[in-house]
Amino acid sequence: MGAGYFPRLIAVLCAGLALLVLARAIRTYFKTRRETQQIPAESPSPINWRGTIAITVAIVLFAALIRPAGLVPATLAAALACTLAQIYSNWIERLVLAATLSTGASLIFVEGLGLPFQLFPDF
Amino acid sequence: MSELFDNLLLGFSVSAGPGNLLMCFLGVLLGTLVGVLPGLGPATTIALLLPLTFELDPTGALIMLAGIYYGAQYGGSTTAILVNMPGESSGVVTAIDGHQMARQGRAGAALAISAYGSFFAGCVATVFIAASAPALSELGLKFGPVENVSLMLLGMVAVVVMSKGSIVNSFAMIAIGLALGLVGTDVETSQARFTFGIDHLREGINFVPMAIGLFGVAEILRTLGAPDNRDILNNKLTGLLPTAADLKASAMPIIRGTALGSLLGILPGSGTLMASFSSYMLEKKLSKTPERFGHGAIEGVAAPESANNAASQTSFIPMLTLGLPSGSVTALMIGAMTIHGIAPGPQVMTQRPELFWGMICSMWIGNVMLLIINLPLIGVWVRVLRIPYRHLVPSIVLLCCIGAYSVGSSPFDVLLLMLFGVFGYVLSRLDCEPAPLLLAFIIGPMIEENFRRSMLISRGSPEIFVTHPISLALLLISAVLLIASLAPMVRRRRKEVFVEAE
């Protein structure tokens, strides 16, 4: 019973299930194509690329800025990136929202809960 | 009997202390606040608020988490009734009649009955847990590594069978969860496994960013794609108190819902969904006027809400007594226990009686708080419901980031959060549930440890799992469950239940 025994067991399990899922997907594909005489649609609802990318970028910005720059710049940047996911009336609304959230986060987490975060970068 | 009384006394002395009372209060309040937000269910709420409990002592942390859970559950019902947007699957049933009542201007009565029903169910379920837990714990203490492996296997099979959607998909989620649980240093040989040379992964994948990503971030990505069609009732809430006729009509459904919910809640898997759905169907069958159901029948709110709350409470039984999570919420709680250095299992009751009984009694206190906090605050919750998505999304994303970062002050955890968020979104598009994955991730290392010990005992022969009688029985139950769920008749029925609950 070395370190690799259990991982191998799980690997076999994963591979087996993957084959099962694949087989089922192929069967459904041909079944729908036969029944509807059409190539089956990929997915019922389109992926929201704009939102997904904006949120992903926001989280990465937070991760990149929190250490070197502190909580205030990190939350400001992340909140601004998030606002790109949706439609706002104008840039002022985005900026006001980001500033409000950044102030709120600093007050709640650092002042209120006392988490040991740096707020601003050292100059 | 007197032992039960002593235990409850100990529990109340712990949970009614000013510190823990405050934790319970904060938990219920914050849980309701986040749970009210449309689309955020109890699992998401707990994952988001988990980091808040790290600074507390273990008892306080678990009491607060339990409070968050009830709060979120109740907040979800409020949303289901007022906006017809249930945050979690079990709220779907409440929304059917609850929202109709709200449209007829009886939102107050629906909310009040849901609170009374939940309170009654909570009281009964607390006594039920206190009475049944010691016996189960004692049974659990007799379990050796061999029995533990079979028990955990049964737990996973049950979760797969009871979860919604395809069984193959759920098994695949279990396998992926087990694989993710392997990452990190192997306890016995100290060899690094699947760390790819990344130092942060030596201690394994951090559970908190993973849970927040799978539930919180993935949920946001999903709602961003969906249009914001909240149908909030604009008329003022009046008549918060139900009439005598309402109370009379709801009394029996509440009692029946509680009984059904308490029993179904013990089963692993989505016990709360099954409980609220089957109690709704039961009331519809027993009713002299079944045609009123779906058009604002108060029984249709009272029964599922009581069942739902009873089940959410009794779902703690397997977790507290055997250390076995039965769904995403209890998996999160076990994760929280491990972070606080408590090994979940039957020994918790004997080694940490103050934690065990304190938590059970805090459940009852939490239910009292739900009743006193929520009825006067309904106006506030309605205002929370009106916050537009474009203000909500950035706030929740920031909460997720800060939560993931605060666990270990490591930006790497924030990147993990992002990865698991996108992964969770992909899973939801593929009709895969994240709950079995999280569950397997938590159980995986425990299974491996027990499996290795069993193999040491048997000198490498897997026969040991069928020669130990308790283990054999548990394995047979798993097999029966699995075969039954694949049988055509049960399969159709299962599909029916989940489709109707959609």
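Trainee: How many salt bridges does the structure hold over all chains?

Mentor: Twelve, counted over all chains. Bear in mind that this is a predicted model.

Trainee: And what's the count between chain B and chain A?

Mentor: One salt bridge.

Trainee: Which residues form it?

Mentor: Glu93(A) pairs with Arg390(B), and their closest N and O atoms are 3.0 Å apart.

Trainee: Why would two side chains like that pair up?

Mentor: Side chains of opposite charge can pair when their charged atoms come close. For the cut-off, a salt bridge needs the nitrogen within 4 Å of a carboxyl oxygen, and this pair sits at 3.0 Å.

Trainee: Where in each chain are those two?

Mentor: Arg390(B) is in helix α17 of chain B, and Glu93(A) is in helix α4 of chain A.

Trainee: OK, those two helices then. At what angle do α4(A) and α17(B) pack?

Mentor: About 35°, and their axes are 11 Å apart. The crossing of α4(A) past α17(B) is right-handed.

Trainee: Which residues make the contact?

Mentor: On α4(A), you'll find Glu93(A), Leu97(A), Leu101(A), Ala105(A) and Phe109(A). From α17(B) come Arg390(B), His391(B), Pro394(B), Ser395(B), Leu398(B), Leu399(B) and Ile402(B).

Trainee: How does that split by class?

Mentor: Eight of the residues where α4(A) meets α17(B) are nonpolar, two are polar and two are charged.

Trainee: Let's zoom out. How many residues of chain B are in contact with chain A?

Mentor: It's 50 residues of chain B, against 47 of chain A.

Trainee: And what area is buried between them?

Mentor: About 4,100 Å², with carbon and sulfur atoms giving 78% of that.

Trainee: Which three residues supply more than any other three on the chain B side?

Mentor: Leu398(B), Ile402(B) and Arg429(B), which supply 15% of the area that chain B buries against chain A.

Trainee: Which elements of chain B give two or more residues to the side that touches chain A?

Mentor: They're α8 (167–182), α9 (207–225), α17 (389–408), α18 (411–429) and α19 (434–457) of chain B. The largest share, 13 residues, comes from α17(B).

Trainee: How do the residues on that side of chain B divide up?

Mentor: Into 33 nonpolar, ten polar and seven charged.

Note on methods: Residues are numbered from 1 along each chain as its sequence is written. Chains are lettered from A and ligands numbered from 1 in the order in which they are written. This is a predicted model: local features need pLDDT of at least 70, side-chain atom pairs count only at pLDDT 80 or more; totals for chains, interfaces and linings use all residues. Side-chain values use heavy atoms; hydrogens and water are left out. Contact means heavy atoms within 4.5 Å. Buried area is the accessible area (1.4 Å probe) that two parts lose on being put together, summed over both. A salt bridge is a side-chain nitrogen of Lys or Arg within 4 Å of a carboxyl oxygen of Asp or Glu. Helices (H or I, at least four residues) and strands (E, at least two) are DSSP runs, numbered from the N terminus. Ala, Val, Leu, Ile, Met, Phe, Trp, Tyr, Cys and Pro count as nonpolar, Asp, Glu, Lys and Arg as charged, and the others, Gly among them, as polar. Axes are lines fitted to C-alpha atoms, for helices over the stretch in contact, and angles run from 0 to 180 degrees between N-to-C directions. A crossing is left-handed if the near helix is turned anticlockwise from the far one by less than a right angle, and right-handed if clockwise.
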